[in-house]
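This report describes selected features of one protein chain. Please keep the sequence and the structure in view while reading.

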Amino acid sequence: MVCRQQKNIALRVVHFTNRGIRICCLAPRTENCRYVNVLVPTLPMTTLQTELTWLLEDSVVALDKFHGDPIAPLDETQWRSARQQELHATHQAGSLTGQGSVNEQGKVLMRLNMEDLNDLWRKRVKERVPIQYITHTAHWRDLVLAVGPGVLVPRPETELIIDFVADVLDAHPGLRHCPWADLGTGSGALAIGLAKLLCRPSSVWAVDLSPIAVRYAKFNVARCDAASAVHVMEGSWFKPLANFRGKLGGVVCNPPYIPSGVLGGLQAEVRQHEPQLALDGGAEEGKGRLQ
């Protein structure tokens, strides 16, 4: 998430009900509790509960750890643990109203004030913007990748492609010494995962037709310390790889495969926000791009 001016907000309780999501926050240096309600009639509550947790975790800067300790930076594990402690404490008290002082409950410093955070959440609920675009973050295998409008959110299913390649390399070790290609790289997920398997410089060439995807892929390659192994190029399929004809050890690809005629029936997050260039497989049952 792009950080704005830091706001000292004490986040006390996130209460999930069948009717919506309720966030209780404290204004800086006061104990006046104010609630923000977001109704969620169109999306599964369990999904939204998970996504709101991700959004809050991405917004957290630091935590005052329940015993009056000075506020200090924390990692995700500490925040999750603190949140569970707080929910358990309020449950033991027989209420989710957040009774008690700020120091008893613990304070959380947020990057955004509650109005900005609520605006982001309304984009998720009402405009169906993917949570990954809101946080500009996608978790894929052991990677944390930057994503945004114009680049496909990497799917969990494509993680298996790296496992398939690992099996191939075990069976044919000589392929480790050949260059590999990732066509339609998008965020660069497959290229980076492949480079981590090959463990050598200049091992993967990643190609994408979209200049937006190329920029994201280059950023993620640098962010994941894979710049010496992965080269990102803009172009269509094999065209930028003419010099590698007959030399590639293998090619990985998650091409557009959805038939044009069914794109309109996809869920709103995909249909309205993700790039059609990465989705539309053309006619012929989605085989147009592959052919």
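Predicted model: local features only at pLDDT ≥ 70, side-chain atom pairs only at ≥ 80, totals over all residues.

Residues are numbered from 1 along each chain as its sequence is written, and side-chain values use heavy atoms, with hydrogens and water left out.

**Salt bridges**

Side chains of opposite charge can pair when their charged atoms come close. Here a salt bridge is a side-chain nitrogen of Lys or Arg within 4 Å of a carboxyl oxygen of Asp or Glu. The structure holds six salt bridges, and the table lists three of them.

| Pair | Closest N and O atoms |
|---|---|
| Glu 269 and Arg 128 | 2.8 Å |
| Arg 155 and Glu 274 | 2.7 Å |

Helices (H or I, at least four residues) and strands (E, at least two) are DSSP runs, numbered from the N terminus. Both Glu 269 and Arg 128 are buried; buried means under 20% relative accessible area, exposed over 50%, and partly exposed in between (1.4 Å probe, protein chains only). These two residues also belong to a network of salt bridges with Glu 51 and Arg 124.

In the second pair of the table, Arg 141 is partly exposed at 37% relative accessibility, and Asp 163 is partly exposed at 33%. In the third, Arg 155 is partly exposed at 24%, whereas Glu 274 is buried at 7%.

**Two loop residues**

Which loop holds Cys 199? Cys 199 lies in the loop between H7 and E10, and Ser 202 is found in the loop between H7 and E10 as well. Neither is a glycine, yet Cys 199 has a positive phi of about 55° and Ser 202 one of about 50°. Cys 199 counts as exposed at 62% relative accessibility, while Ser 202 is partly exposed at 32%.

**A pocket**

The second largest pocket is lined by 30 residues, and Gly 184, Thr 185, Gly 186, Asp 208 and Ala 278 lie nearest its centre. A pocket is, on a 1 Å grid over the protein atoms alone, an open set of points where a 1.4 Å probe fits, with protein on both sides within 12 Å along at least five of seven lines; lining residues have an atom within 4 Å of a point.
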